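Hi everyone, thanks for coming.

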Amino acid sequence: MESRGRTAAVVLAAGKGTRMGSQVHKQYLELYGKPLLYYALYAFENSSVDEIILVTGPGEVRYCREEIVERYGFSKVTVVTEGGRERYHSVYQGLKAVKNCGYVLIHDGARPCVTGDIIEAASDGARKYKACAVGMPVKDTIKISDENEFASMTPDRNRLWLIQTPQAFEYELVLQAYEKLMSSEEYQGRVTDDAMVVETMTQEKVKLIRGDYANIKITTPEDMEIAEVLLKRNNWEK
Ligand code: CTP
Ligand code: MG
């Protein structure tokens, strides 16, 4: 395929999992006998994505290559590279490792329940809108508190979304947005997702695409119990 049409996935696994509070970084905790990170890689390996860049913590590159990529035969993983201190550092490292792809999907390795359908929707969204993020409308009421934790505002729930990953972009667009971010300390402390980098650093609008409520991020211990139930639906325990 012509290189402009090719799609890469950057899968992030360079976090420390502080909120999980476990000794082993959360992406390597086991579910049904396999490390959490396995599940997201499996979904991308079996999708239309052409190559996968895996971003891991310092000193974890060899472990990931041998114990995850080679062990489970993830042939689309072309690069395993070290991330950085903050998530955006890791994303930038991942983006720089992408070769000959017109589109890129950025995914949290801590979201094991991502499906082929979600990946295809994000991939189509990038082609159609240049920039998109998977998410779902919120179910709970969201309030903004004042500095003393009294309710100060209740935004219209019909416009509120929970944002997930993958987030998918034209490669040059998101690379340029990240390059701008890396040279602007002012914004670095504020970004929490890739869409925000594109929203802040470029003129492009980011389309929100419906994913699945099951596409949860593993953050705290109870999320592991939820993921165990959700993954069971896909017969992962077999
Ligand atoms: N991540 C990363 N590099 C970082 C920080 C995060 O690649 N410097 C990745 C994580 O591995 C995870 C995803 O980004 O797959 C989402 O981050 P988060 O859920 O916040 O994970 P952690 O940063 O590991 O957890 P915590 O914030 O509780 O420390
Ligand atoms: Mg974090």
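This is a predicted model: local features need pLDDT of at least 70, side-chain atom pairs count only at pLDDT 80 or more; totals for chains, interfaces and linings use all residues.

Let's start with ligand 1. Which residues come nearest to it? There are 18 residues around ligand 1, and the nearest are Gly-17, Thr-18, Arg-19, Ser-90 and Lys-217. If you sort that shell by class, you get eight charged residues, six polar ones and four nonpolar ones. Two elements, strand β1 (7–13) and helix α3 (87–97), each supply at least two residues of the shell.

Now for some individual contacts. The side chain of Lys-26 has an N or O atom 2.9 Å from an oxygen atom of ligand 1. At Gly-84, a backbone N or O atom lies 2.9 Å from a nitrogen atom of the ligand. Gly-109 also uses its backbone: a polar atom there is 3.2 Å from an oxygen atom of ligand 1. How much of ligand 1 does the protein bury? Taken alone, the ligand exposes 560 Å², and the protein buries 88% of that.

On to the pocket. Rolling a probe the size of a water molecule over the atoms shows where empty space is left. In this model, the space taken by ligand 1 is the largest pocket, and that pocket has a volume of about 1100 Å³. Its lining has 41 residues, with Gly-15, Arg-19, Glu-86, Arg-87 and Lys-217 closest to the centre.

The largest share comes from β10, with four residues. By class, the lining of the largest pocket has 17 polar, twelve nonpolar and twelve charged residues.

Last, the backbone. Most residues other than glycine have a negative phi, and most peptide bonds are trans. Here are two spots to look at with that in mind. The peptide bond from Thr-165 to Pro-166 is cis, with omega near 10°. Pro-166 lies in strand β10, the strand that gives the largest share of the pocket lining. The other spot is Asn-100, where phi is positive, near 55°, although this residue is not a glycine. You'll find Asn-100 in the loop between α3 and β6 (103–108).

That's my tour, and I'm happy to go back to any part of it.

Technical notes:
Residues are numbered from 1 along each chain as its sequence is written. Chains are lettered from A and ligands numbered from 1 in the order in which they are written. Side-chain values use heavy atoms; hydrogens and water are left out. A residue is near a molecule or strand if one of its heavy atoms lies within 4 Å of it. A polar contact is a pair of N or O atoms within 3.5 Å; within protein, one must be able to donate a hydrogen and the other to accept it, and residues adjacent in sequence count only if both atoms are side-chain atoms. Accessible areas come from the Shrake-Rupley method with a 1.4 Å probe; for residues, only the protein chains shown count as cover. On a 1 Å grid over the protein atoms alone, a cavity is a set of points where a 1.4 Å probe fits but cannot get out, and a pocket is an open set with protein on both sides within 12 Å along at least five of seven lines; lining residues have an atom within 4 Å of a point. A molecule sits in a cavity or pocket if more than half of its atoms lie within 2 Å of its grid points. Ala, Val, Leu, Ile, Met, Phe, Trp, Tyr, Cys and Pro count as nonpolar, Asp, Glu, Lys and Arg as charged, and the others, Gly among them, as polar. Grid points are joined across faces, edges and corners, and a volume is the space filled by probe spheres set on the points.
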